[in-house]
Amino acid sequence: MRYRLLCLPLLPLALAACQGSNPYVASGRPLPPAPPQAASTFDASAYPAAPRDYGRYRSWSWRNGQLPSASASADPAQLAEAISSALDQHGLRPARGGSADLLVSADMRLERRLRQVRDYDYYDPYYGPYPYGGIGYGGYRHGYGAYGSVPIVRTYEVEVMVVRIDLFDARDGQPVWSASAESGSDRSSPRDREKALRESVHKALDGYPPS
């Protein structure tokens, strides 16, 4: 009871301290007036880009009228024919006497890659009783060891054929599709190299149009 009586005189002092002046004063300045051209200017960056309509792309032509570039192991005309065939499978036809919907740019080059192969060298040492003496003896003795294998990693270099294809909107020049793919170029015959080239082209266009 005596403790409560001592606290009562201190209560008004605590309340007065809480009601003191706030040292933080809010202040602000009015916003500057908008420039005169703001009322008639459209800021496209303030709005999300409209989804691209891939269905309207029906025709194509080479960008800047240039055939794709290729390395010494492939003819540019051969690469152009492979790309034309792959685009045809995606519903895109070469433009005939008019403006195209898409502009196509492509190139092919040879690059080197490091490949790793993991092999296992097996061994079977053992510890424990095992038979000795041959057939008919049936004796046992003890030895040391354990069953297992040791991984061996072998690294070697291979040459690959890399094809890159870029598609651009013919109206505004914006990129529509860009992809590259590779396949092994160690094909012995020209027919095998042509097959590898077509595989790379189809891989690069796999998934077009994007969903």
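## Ser183

Ser183 has a relative accessible area of 5%, so this residue counts as buried, the cut-off being under 20%. The values here come from a predicted model. Ser183 belongs to strand E7, which covers residues 175-184.

The side chain of Ser183 forms a polar contact with the side chain of Ser200, at 2.8 Å. Ser200 is also among the residues that Ser183 touches beyond four places in sequence; the others are Val160, Met161, Ala196, Glu199 and Lys203.

## Nonpolar core

The largest nonpolar core contains 29 residues. Within this core, the most contacts are made by Ile83, Leu102, Val104, Ile165, Leu167, Val201 and Tyr208. Two or more core residues come from each of strand E1 (59-62), helix H3 (76-89), strand E3 (102-123), strand E6 (148-169), E7 and helix H4 (190-204). The greatest contribution is that of H3, with six residues.

Apart from neighbours within four places in sequence, Val201 is in contact with Leu79, Ala82, Ile83, Ala86, Val163 and Ile165. Two of these partners, Ile83 and Ile165, are listed with Val201 among the residues with the most contacts inside the core.

## Packing of H3 and H4

Two packed helices are described by the angle between their axes and the distance between the axes. For H3 and H4 the angle is about 45 degrees and the axes lie 9 Å apart. H3 is therefore oblique to H4. The crossing of H3 past H4 is right-handed.

On the H3 side, the contact is made by Gln78, Leu79, Glu81, Ala82, Ile83, Ser85, Ala86 and Gln89. H4 contributes Glu194, Leu197, Arg198, Val201 and His202.

## Arg93

Arg93 lies in strand E2, residues 93-94. With a relative accessible area of 41%, Arg93 is partly exposed, a class that runs between 20% and 50%.

The side chain of Arg93 comes to 2.9 Å from the backbone oxygen of Asp88. Asp88 is also one of the contacts of Arg93 outside four places in sequence, along with Arg58, Ser59 and Trp60.

How values were computed. Residues are numbered from 1 along each chain as its sequence is written. This is a predicted model: local features need pLDDT of at least 70, side-chain atom pairs count only at pLDDT 80 or more; totals for chains, interfaces and linings use all residues. Side-chain values use heavy atoms; hydrogens and water are left out. Helices (H or I, at least four residues) and strands (E, at least two) are DSSP runs, numbered from the N terminus. Buried means under 20% relative accessible area, exposed over 50%, partly exposed in between (1.4 Å probe, protein chains only). A polar contact is a pair of N or O atoms within 3.5 Å; within protein, one must be able to donate a hydrogen and the other to accept it, and residues adjacent in sequence count only if both atoms are side-chain atoms. Contact means heavy atoms within 4.5 Å. A nonpolar core is a set of buried Ala, Val, Leu, Ile, Met, Phe, Trp, Tyr and Cys residues joined through side-chain atoms within 4.5 Å. Axes are lines fitted to C-alpha atoms, for helices over the stretch in contact, and angles run from 0 to 180 degrees between N-to-C directions. Angles under 35 degrees count as roughly parallel, over 145 as roughly antiparallel, 65 to 115 as roughly perpendicular and the rest as oblique. A crossing is left-handed if the near helix is turned anticlockwise from the far one by less than a right angle, and right-handed if clockwise.
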